[in-house]
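Please read the following report alongside the sequence and the structure.

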Amino acid sequence: MGMFTQFWKPKERKAIPMRENVNCVEKDAAGNYWYLSGLFGKRFRWKADYDMTNNSDKAEALLACTPFFTVVDKIGTMMSRGVPYVVDKNGNEKRSYADIRNILDAPNPLQTFSSFVKQIEICLKVFGYCPIVLVRAVKGSVPKAMWIVPPELFHIVGTGKVFRQFELSGVVSEVYIDWSGKRLNLEDYEYIIIYDSGIRINDNVSDIEFESVSDSLSQPISNWVASMSASHTLLVNGGPKGVLYNDYTDQMGNIALTSEDEKEIKDRFKRDYGLVNKEYPILVTRRKLGWLPLDFNADQLKLHEEDKRCTDKISNAMGINANLFTDAKYDNLESAGKKAYQDVIIPDSIKIAGCLTKAICPEGAFIKIDFTDVECLQNNKETGANTLVKVADALQRLLDKSLITHDEARIEVAKYIDIDPENPKGEYENNNNDENNRQ
């Protein structure tokens, strides 16, 4: 518990001047300065280029790139539909597993299992791995709490040795969390790592790194952020851009505007025509002025197309169909959702359940994550009925030609409906007995 207390107790900090701890500074119409800080829960600066091989940039990209967050949040939400069970090797639940069920239902004071497993899945898709701190009262006991550590704060330092090692201590020299300027070291029983990626171990003493599919998204995400920045500039500083010039040709017309005249024109325009009380690059005046346009055509820039292009590339990289994020027909949405569960969610859930089983379960107990209640995974009754009709018709033809027996036909039918081929019930049993008596 000492490590847990240390981990979540931030150290005291000295007062920092406001100007040195802000994200941006704005000046309002009255000339007042506003210092804006913590708009996204952490210090964050917009930028044009994101290196998605860097964990810090991956974390920032989630805040900056809407399609990136939308796709991984959708995948995480799909994972959160899973229901956890603790069973023995025969699939039976036992009362002795109550402690494990309790820690799964409430992994920590702030999360339920659904939010916990959603965050795990998001970490897997963004970073390729998810570190989890286990808070144990006694080494080897069921944890009292499990906390997911932001991967950008988690460090695994290698020894520089790999191929001749057979123990973890031969590969890893230390594991620590970089928290509020503190280096919180962890023992091997105080953490687990769930990963779905390649592991890159350098030949020197440095952090062991995890590779993921998001490493390849640097260009799409940077392009999207750049296109949004361009749209923001066109909208906020909008209106046609150009050069305003004096169109008088006489000698008096060549006299330049004074600063007072210029301010009067700008103030009058902002008051009468401004939308957000900001200076626009266009002026209205009775004076004889000329206008030389230098504007961009927003349609030709096709900034809106970058949104779909970025979503498609991220979806493809994550292994799901982009139809989940479009106005596709219901059948296409259902098919895309079903395939996402089959190809991404369920395989990931097996990895998560297996790692948690190894970390917190006694021998003979297993954690399973079940998705039976998910709508798109339910058997379509209409499709099932049509299939049964075709199967029954085919079996009847085989019976008529004496190619199979009646019992063999029931065995095949049992694969499609819930019947016991060896113990028929109801009227069929009576009719069958009557037939046997007549014989």
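## A network of charged side chains

In this predicted model, a network of salt bridges links Lys125, Asp196, Asp348 and Lys351.

Are the two partners buried or exposed? Asp348 has a relative accessibility of 2% and counts as buried, and Lys125, with a relative accessible area of 8%, is buried as well.

## Salt bridges within helices

In total, 15 salt bridges are counted in the model. In general terms, side chains of opposite charge can pair when their charged atoms come close. Within helix α11, the side chains of Lys339 and Asp343 form a salt bridge at 2.8 Å, N to O, and the two residues are four positions apart, about one turn of the helix. Asp343, at 40% relative accessibility, counts as partly exposed.

A salt bridge also joins the side chains of Asp393 and Arg397, at 3.5 Å, N to O. These residues lie in helix α12 (residues 381-400), and because they are four residues apart they are separated by about one helical turn. Asp393 is partly exposed, with a relative accessible area of 39%, whereas Arg397 is exposed, with a value of 55%.

## A glycine in helix α11

Helix α11, which spans residues 330-360, also contains Gly337, a residue that is buried with a relative accessible area of 6%. Although Gly337 and Glu375 are 38 residues apart in sequence, the distance between their C-alpha atoms is 9.5 Å.

## The sheet of three strands

An open sheet is formed by three strands in the order β6-β7-β8, with antiparallel pairing. Strands β6 (154-158) and β8 stand at the edges and have a single partner strand each, so one side of each is left without a neighbour in the sheet. From one strand to the next, the twist averages 35 degrees.

The antiparallel pairing of β7 (residues 172-179) with β8 (residues 182-186) runs over five bridges.

## A nonpolar patch on the surface

Which residues form the nonpolar patch on the surface? The patch is made of Tyr195, Ile199 and Ile201, which together have about 260 Å² of accessible area. Of these residues, Ile201 sits in the loop between β10 (198-200) and β11 (209-211), and with a relative accessible area of 32% it is partly exposed.

## Cysteines without disulfides

When the whole structure is searched for disulfides, zero are found. Cys130 is in no disulfide, and the nearest cysteine sulfur, which belongs to Cys123, is 4.1 Å away; the cut-off for a disulfide is a pair of cysteine sulfur atoms within 2.5 Å. Cys130 is also buried, with a relative accessible area of 0%.

Cys355 is likewise in no disulfide, and for this residue the nearest cysteine sulfur is that of Cys130, 9.2 Å away.

Notes:
Residues numbered from 1 in each chain as written. Predicted model: local features only at pLDDT ≥ 70, side-chain atom pairs only at ≥ 80, totals over all residues. Heavy atoms only, no water. Pairing = 2+ DSSP bridges. Patch = residues over 30% accessible without salt bridge, like charges linked within 9 Å, V, L, I, M, F, W, Y side chains within 5 Å. Areas by Shrake-Rupley, 256 points an atom, 1.4 Å probe, with all protein chains shown as cover. Salt bridge = Lys/Arg side-chain N within 4 Å of Asp/Glu carboxyl O. Buried < 20%, exposed > 50% of the residue type's maximum accessible area, 1.4 Å probe, protein only. Axes fitted to C-alpha atoms, helices over the stretch in contact; angles between N-to-C directions.
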